[in-house]
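Dear colleague,

Please find below the structure that I am handing over to you. My findings follow directly after it, and I would be grateful if you would read them alongside the coordinates.

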Amino acid sequence: PLLRAVKEKGYTEPSPIQVEAIPAVLKGRDIMAAAQTGTGKTAGFVLPILQLLSASAPSHPHRIRSLIITPTRELAAQVADSVETYGKHLPLKSAVVFGGVKINPQITALRKGVDILIATPGRLLDLHQQGEVNFNELEILVLDEADRMLDMGFIHDIRRILKVLPARRQNLLFSATFANEIRQLTKTILHEPVEIEVSPPNTTAERVEQWVYPVDKKDKAAVLRQLVVDKDWQQVLVFSRTKHGANKLAQQLEKAGINAAAIHGNKSQAARTKALAGFKAGKRRVLVATEIAARGLDIAQLPQVVNFDLPNVPEDYVHRIGRTGRAGAAGKAYSLVSADEIKQLNDIQQVIQRHLIREYVDGFEPDHEVPPSAPLRKPQVHGQARMQQHHKRPAGDGKHTSRGRGSEGHNRPQQRNRRPGSRSARPAQGGNTR
C-alpha cells in the first residue's frame with residue numbers, strides 16, 4: 001500500500017535524507033537528522049512511521065501512537081497532507097490540530113480516534129489540559145523543525161509536553177540546523193541517536209541562484225514593483241521583517257495593479273489559508289510573508305523569492321530562500337538591501353560562507369551605498385564555489401540591471417539613468433576589502 005501511494009505521487013528515487021533516515025527509523029532507532037529545507041525530510045519520517053504502525057497491531061485501535069510536533073500551522077498542515085497522501089491505502093487514521101481556528105471540530109476528530117496526531121505545541125497543550133488527548137499508547141515522537149521551535153520560544157511548551165509522554169518511545173528529531181541549544185535538548189530526549197547530516201549545516205540549495213540589489217530603503221517598494229512587472233514574475237514569495245510592513249507592501253502592490261496578499265501571525269487561519277491557496281492557484285502574483293512562512297510553505301516549482309528586508313537571524317535567510325529550488329528544481333533568490341542592513345548581510349554571508357553577487361537596478365542606484373562586505377572568516381569548502389558564482393547571471397535579467405560587478409560591487413562604472421532630481425553620479429567605490 002505504501003509503495004502504491006508513493007508511485008501514485010510520482011516518486012521513483014529517494015532523496016539523500018530519505019536514504020539515510022528511513023532504514024534507521026524502521027530499525028527503531030532514535031535519530032537526529034539535519035538536511036536542507038526542501039530535500040524531502042517529511043517523507044523521511046512519515047513513510048517509515050506508516051510502515052511501523054501498520055505492521056504491528058495496537059492494543060487499542062485508533063489511539064495516538066505517533067505524535068508529530070511542528071512549529072507553525074502551515075507546516076502542520078503540510079505534514080498532515082503528507083500523512084494522508086502516503087497513508088491513503090492504509091487503515092490508519094490521522095488528525096491535525098493547531099491554533100487560530102475553533103477547537104471544537106478538532107476535539108470531535110480526536111474523539112473519533114486517531115493513530116497519528118500532527119500538532120503545534122500551544123494547541124496540543126490546550127487539548128491535553130482539557131483531557132482530550134491521551135498518550136498512553138504513544139510509540140513514536142517526532143520534533144520537526146526543532147530549531148525553529150526554539151527560535152519561536154516553544155522550548156518550555158516542548159518540555160511540558162515531554163513530561164506527559166511515556167518514557168519508552170522512539171524519538172525522531174529533524175532540524176535544518178543543529179545549534180548548541182538543539183544539542184542540549186537532544187541530550188534529554190534522544191537515546192543513543194543515529195546522527196544524520198546529508199549536507200553541511202546552513203548551506204543553501206545548490207540550484208538556487210542568489211543576488212543582492214543595493215537600493216535605498218525608500219525605493220524598495222518601487223524596485224519590487226518594477227522587478228515584478230518588467231521580469232513578468234507570475235509567482236513570487238516576498239519576505240518582510242514585520243507584520244505591518246507585510247500588510248503595507250501588499251496594499252502598495254494592489255494599488256499598483258499587482259494581485260498580492262499578506263500572510264503573517266496576526267491573520268486568522270482562514271485568511272492565511274485563503275491567501276496561500278490563491279497564491280498556489282495563480283490568482284495572486286505576490287505573497288508577502290513574515291518569518292512564520294519561512295518554514296512549512298511547500299509550493300511546487302516556486303520560481304523565485306525576494307527578501308524585501310533581510311532577516312535579523314542569519315540562518316533564517318537559508319530557510320527563506322529554501323522555499324524555491326525545492327526537490328532539486330532551480331530557483332532564484334533576490335535580496336533588496338539598504339545601507340543600514342550591512343550587518344545582516346555580513347552575518348548571512350558568514351553563515352553561508354560566500355559573498356553574494358551585487359547588481360544594481362537601472363534608475364534606482366542608491367544614494368546611500370551599501371558598504372563593502374566584510375571578509376569571510378572561514379572560507380573552507382565554499383571558496384571555489386564563491387569564485388564561480390561571480391560569472392553566473394540570471395537568464396534574461398540584463399534588461400533592467402546594470403552589468404554584474406562581482407559580488408562586492410567594486411569597479412563599478414559611473415552611474416547612468418539617474419532618477420529625475422537625484423544628485424549627480426558618484427565615482428566608483430574603490431579598494432578591495434577582501
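In what follows, an axis is a line fitted to C-alpha atoms, for helices over the stretch in contact, and angles run from 0 to 180 degrees between N-to-C directions. Please note that the model is a predicted one.

I begin with a pair of helices. Helix α13 (residues 314–321) packs against helix α14 (residues 342–352) at an angle of about 70 degrees, and their axes lie 8 Å apart. Since angles of 65 to 115 degrees count as roughly perpendicular, α13 and α14 are therefore roughly perpendicular to each other. On the α13 side, the contact is made by Pro314, Glu315, Tyr317 and Val318, while α14 contributes Asp347, Ile348, Val351 and Ile352. Sorted by class, this contact of α13 with α14 comprises six nonpolar and two charged residues, with no polar ones.

Finally, alanine 21 is located in helix α2 (residues 16–26). Its relative accessibility is 0%, so alanine 21 counts as buried. Beyond its neighbours within four places in sequence, alanine 21 is in contact with Ile31, Gly44, Phe174 and Ile196. The C-alpha atoms of alanine 21 and alanine 43 are separated by 9.6 Å, the two residues being 22 residues apart along the chain.

With kind regards

Note on methods: Residues are numbered from 1 along each chain as its sequence is written. This is a predicted model: local features need pLDDT of at least 70, side-chain atom pairs count only at pLDDT 80 or more; totals for chains, interfaces and linings use all residues. Side-chain values use heavy atoms; hydrogens and water are left out. Helices (H or I, at least four residues) and strands (E, at least two) are DSSP runs, numbered from the N terminus. Angles under 35 degrees count as roughly parallel, over 145 as roughly antiparallel, 65 to 115 as roughly perpendicular and the rest as oblique. Contact means heavy atoms within 4.5 Å. Ala, Val, Leu, Ile, Met, Phe, Trp, Tyr, Cys and Pro count as nonpolar, Asp, Glu, Lys and Arg as charged, and the others, Gly among them, as polar. Buried means under 20% relative accessible area, exposed over 50%, partly exposed in between (1.4 Å probe, protein chains only).
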